[in-house]
Amino acid sequence: MSMRHSVVLELKRCRGCTTCIKCCPTEAIRVRGRKATILPDRCIDCGSCIRICPHKAIKSVGDSLDILKQYQYCVALPEPALYGQFQHLDSVDIVLNGLLKIGFHKVYEVAKAAEMISDFERQSISGGPSKVTPQISSSCPTVLRLIRMRFPKLMGHVACTILPMELAAILARREAAEETGLPPEAIGVFAIVPCSSKVTAARVSEGLSRPVLDGAFAIRDIYLRLLNPMRELEEITPMASAGILGLGWASCGGESAAHLGERCVAVDGIQNVIRMLEEIEDGRLPEADFLELSACTQGCVGGCFNVENPYAAKLRIKGLLKGLPVSRNRFLFHGEARDIVRRDKELQYLPAFVLDQDREMAISKQLRIQELESHLPGLHCGSCGAPSCRAFAEDVVLGRASEDDCIFKVRERMRSMAGSKEEADDYLPPPFRRRQEPSE
């Protein structure tokens, strides 16, 4: 199934400024003809380009709330990061009751499913040592795609569990079908998510052969809809179903804390995650049994769909934890039923950097790329529209760019035509011109 990304480019706003090309961890962005383009086979929906674009030309798109009308019964699956967006919130119940006022018939907290997954992982570790250490969390879809694309040797380290929102969707649909008597296909199950990565994961799952969600809404869209209904609540029905451990998954370190005393390392921010994965790949394993890797700063509260900055949201969630039990949910499935939480398909290598399906042709192209790169200045200035000289050489060999797109190549040609170095340097932007010696 082809990937349908939620990170999209609005060409009218794009000015071709090249700010975005440097921040992409998989070099998925190019600028050609004064407009940026995203290479879909390389995009991992991390949202780095969304945050850095000065013209707001790159955005992430969740599903429209209009799709609620297509189902007889609609279930909301709020991610715990949602709760951190509201100022002076006393109780999670206010948010959950508000969701029932804006078109949902039932609410099933993703934090509840997170507690079940944490309990399953604790049971698995207490049942015997895992085959590989450290085990890498499977809770961030961007990290999963990054591993599949850039670190395929580490796929065996990834935990076998599905996303909390996927487990919540399976259990919520089952519950709703029992409560209403409706067929499962008449029930719409929708996650309320903090990032573009989870919108894409709702459409094309990393761990399940068939998606279990009917859509995913951006937290910012639901937040705006919730403000008035939450203020106007006359009575608040107790609905909260998760404790400290489940709500803690909203920020980096929460999933690690739910492992209760094990040796865990929590890493946030896509560049920090890449450095950690590089170290593991090089054999410099951290002294930990479990790695929690979050692509966004501070974890899910740092996702590009949130309203508040991650640090304020984390502080608010910390305030909501006061008085809650440690956990309200256990993983009580037995026998084959335990497989409900496991992936039903293996992680597969994403061949985004394969130069050609034919091995001989791929080697030939690789040699041509290396040869061309050796003649490039190595400044990685980005004025060719590629993030690095290596990426530019690859673009030329693959037919995505011309050698003349490099201003230094143009300078060389002009030098041979102009006959003087000074005139040839006039073709370069001032920072790249040779230093003029002062005349005596």
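**Aromatic pairs, cores and a parallel sheet**

Phe-331 is buried, at a relative accessible area of 3% (buried means under 20% relative accessible area, exposed over 50% and partly exposed in between, with a 1.4 Å probe and protein chains only). This is a predicted model, in which local features need pLDDT of at least 70 and side-chain atom pairs count only at pLDDT 80 or more, while totals for chains, interfaces and linings use all residues. Residues are numbered from 1 along each chain as its sequence is written, and side-chain values use heavy atoms, with hydrogens and water left out.

The structure holds six aromatic pairs (rings of Phe, Tyr and Trp, the last by its six-membered ring, pair if their centres lie within 6.5 Å; planes under 30 degrees apart count as stacked, over 60 as edge-to-face and the rest as tilted). In one of them, Phe-104 and Phe-217 have ring centres 6.2 Å apart and planes at 55°, so the pair is tilted. Phe-104 sits in the loop between α2 (92-101) and β6 (106-107), and Phe-217 in strand β9, so the pair ties together parts that are 113 residues apart in sequence (helices, H or I with at least four residues, and strands, E with at least two, are DSSP runs numbered from the N terminus). Both partners are buried, Phe-104 with a relative accessible area of 2% and Phe-217 with 0%. Phe-331 and Phe-333 also form a tilted pair, 5.2 Å centre to centre with 50° between the planes. Tyr-71, Phe-104, Phe-190 and Phe-217 make up one aromatic cluster.

In soluble globular proteins, nonpolar side chains tend to be buried together. Here the largest nonpolar core has 42 residues (such a core is a set of buried Ala, Val, Leu, Ile, Met, Phe, Trp, Tyr and Cys residues joined through side-chain atoms within 4.5 Å). Elements that each supply at least two residues of this core include β5 (73-78), α3 (110-126) and β8 (187-193). Its largest share, nine residues, comes from α5. Leu-213 is one of the residues with the most contacts inside the core. Among the residues Leu-213 touches, beyond those up to four places away in sequence, are Leu-77, Met-165, Val-189 and Phe-190 (contact means heavy atoms within 4.5 Å). A second, separate core of 37 residues includes Leu-68, Tyr-83, Val-301 and Leu-321.

An open sheet of three strands has the order β7-β11-β10, with parallel pairing (two strands pair if DSSP finds at least two bridges between them). β7 (135-136) and β10 stand at the edges with a single partner strand each, so one side of each is left without a neighbour in the sheet. Five bridges join β10 (residues 264-268) to β11 (residues 290-294). Between β10 and β11 the chain passes through helix α10 (residues 270-281), in a right-handed β-α-β crossover (right-handed if, with the strands pointing away from the viewer, the path from the first strand over the helix to the second runs clockwise). Within the strand pair, Ala-266 has Glu-292 as its bridge partner in β11, and Val-265 has Leu-291.

Ser-256, in helix α9 (residues 254-257), is buried, with a relative accessible area of 10%. Leaving aside neighbours within four places in sequence, Ser-256 is in contact with Cys-264, Val-265, Ala-266, Phe-290 and Glu-292.
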